[in-house]
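Thank you all for coming; I would like to walk you through one model this morning, beginning with a sheet and ending with a pair of helices.

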Amino acid sequence: MTTNFSTQLRSPLYYGLVTIATLIVLAGLYAVHLMEDHGHIITGMNNQIVWGIPHIFAIFLVIAASGVLNVSSIGSVFNKPAYKARAPLAGLLSIAMLAGGLTVLMLDLGRPDRIIVAATNYNITSVFAWNILLYSGMFAAVALYLWTMMEKRMYPWSKPAGFMVFIWRFILTTGTGVIFSFLVARQAFGTAILPPMFIVISFAWGMAVFHIVQSAIYAWNKLSLDEYVQKRMRNLMGVFVIAGLYFVATYHLTNLYFARQTEFEKFILLDGDVYPALFWLGYVVIGNLLPLLLIYHPALGKNKCVIAASLLIVMGGFSLLYVLIIGGQAFPLSIFPGFEVHSTFGDGAIGSYSPSMPEILLGLGGVGISFLISAVGIRVLDFVPREIPKSN
Amino acid sequence: MNDTNTQRRQFLKTSVGAAAVAIAPGMLLFDMAHGKSEPVSGKVRWGMLIDTANCADGCNDCVTACNRENGLSGGLSATDSQWIRKIELKDMRTGRELALPMMCQHCEHPPCVDVCPTGASFKRADGIVLVDKHLCIGCRYCMMACPYKARSFVHEPLNDQNPDVPRGRGTVESCTMCVHRVDNGQQPACAEACPNKSILFGDLNDPESEISRKIRSVASTQVRADLGLNTGVRYQGL
């Protein structure tokens, strides 16, 4: 299998895809250069929508990087052989997406040249600063975990390393959720449900990314995935999608119960700009209902359906983040509750945001980096899942 | 005393004199650039009391003065910096209308300082909340955290800056309470410019200061007092 696989990876299609990804990364870097030259004025971000499309890409990648490790955890921590065989690939994808996401976050800074300041001046009360440690620690933890899985002499350490990664990624995704939970004055954020919500949706998004990559590798190798493994992984993804939807529903229902939050919910769910359409169509229908239909309908659930469901889950993920992060900022701050306000600085007004090409390219560049790391990693090291017969 | 000695003395005197003349302006400039050498006192807490009843509708003098003092363009697009702005309010239940200036509230527990990863956002001992432009990496987390929308991000390269008020593209900025003026014993530009003297600036910690005496005798409120940030800026008649 390895021989065939290596041959496949020397095909023109492989080099073609790597070239395209390289060009996307270069386009992203050029966008960064433009942003450096002209300032953030060439992005769609402004003083009200301060985090935009780059953050959507970055947060999606970071969350999925944590979630994809679920595959490893189920293998190492819960001893499921079908998942154990896939743990190295999950580890590689995690590192790849983490690298892509963090690159985007870093290059979107107003002063990316000062990134070293973030390491030398550390504010202990800042959740951002905690995340710097969590993200860099995650790289180290996953790299160590991969080593224990790929080096025979280290096999005995694989379980403890897997357990460490299992704990670490929980804390990491909690940290990402807490970035928003700590924003006390924003109606979209400032709630303790966000960290667990991020953890649960990370499972679904990570599984979706894993399915897409695994299917691509198998299709490329003209291999077919074991029916039993396919079914287990597909059903697990379905459960995660339902759990994610439950958390999102709880978040909105709780908000709807608070009189002070109803205006905000009306904005997100009913009449606010593009956000209701993105929420209902993008997240609920495309990101949840259709994938669940594809996964659980008795006549469906085959390989192609699972790939389609995974792609839809990823699209739904982007929609949800757009609604939560951009929509959450577009809704005006309630500085004077009970008053109608207006000013020259957008007080009381819905913030407008239209993403510009440079910031979209920056975000896509992050995806390109993730793709390149995965493609090269799979090419040079042994990351292809090998079926262990009689999975339990 | 021989001739050589006299010449040597003369030479030394001239050298010392020349050195003094050469160094003195530098020392003076160094002093000017670095301001006072003694640290800011924590015994002081600078604050403001804004009387909304006297804040005239349509008057923008505080905003203009702030822009002039701090070298801001005065542009009103969504990407322009506005350190102070006039907000017009209408009570949705009673219909009462009023206007007031809004800026950094210089909180005792500033969320921007809590969330800043590098410590660029900081609070001076005298309560003034500032951004260290050399440490700010431009992540904008402070803008997400500020309940008052008081901060602006510099979206474009800057020219013609006021030397007393350094700013930087790609960094976040906000009202400094005109710290460069306050340190020289002056009032913030907005307080000085207000034609109705609606902005009263002073030391909240000094029981005998005008601002302390006034907040003892009139009802004043902090904006979003429910957040418990204990702002340095208070409003009367809100």
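**The sheet in chain B**

Met48(B) stands opposite Val233(B), a residue of strand β10(B). This is a predicted model, in which local features need pLDDT of at least 70 and side-chain atom pairs count only at pLDDT 80 or more, while totals for chains, interfaces and linings use all residues. Residues are numbered from 1 along each chain as its sequence is written, and chains are lettered from A and ligands numbered from 1 in the order in which they are written.

Strand β1 (residues 46-51) of chain B runs parallel to strand β10 (residues 233-236) of chain B, and 4 bridges join them; strands count as paired if DSSP finds at least two bridges between them, and the elements themselves are DSSP runs numbered from the N terminus, with helices (H or I) of at least four residues and strands (E) of at least two. The open sheet has 4 strands in the order β8-β1-β10-β9 (chain B), and its pairing is mixed. Because β8 (199-203) and β9 (220-221) of chain B are at the edges with a single partner strand each, one side of each is left without a neighbour in the sheet.

**The helix pair in chain A**

In chain A, the axes of helix α10 (residues 194-220) and helix α11 (residues 227-257) come within 8 Å and cross at roughly 150°, where axes are lines fitted to C-alpha atoms, for helices over the stretch in contact, and angles run from 0 to 180 degrees between N-to-C directions. Among the residues that meet, α10(A) contributes Phe203(A) and His211(A), and α11(A) contributes Phe240(A) and Gly244(A), contact being C-beta atoms, placed from the backbone, within 7 Å.

Note on methods:
Contact = placed C-beta atoms within 7 Å.
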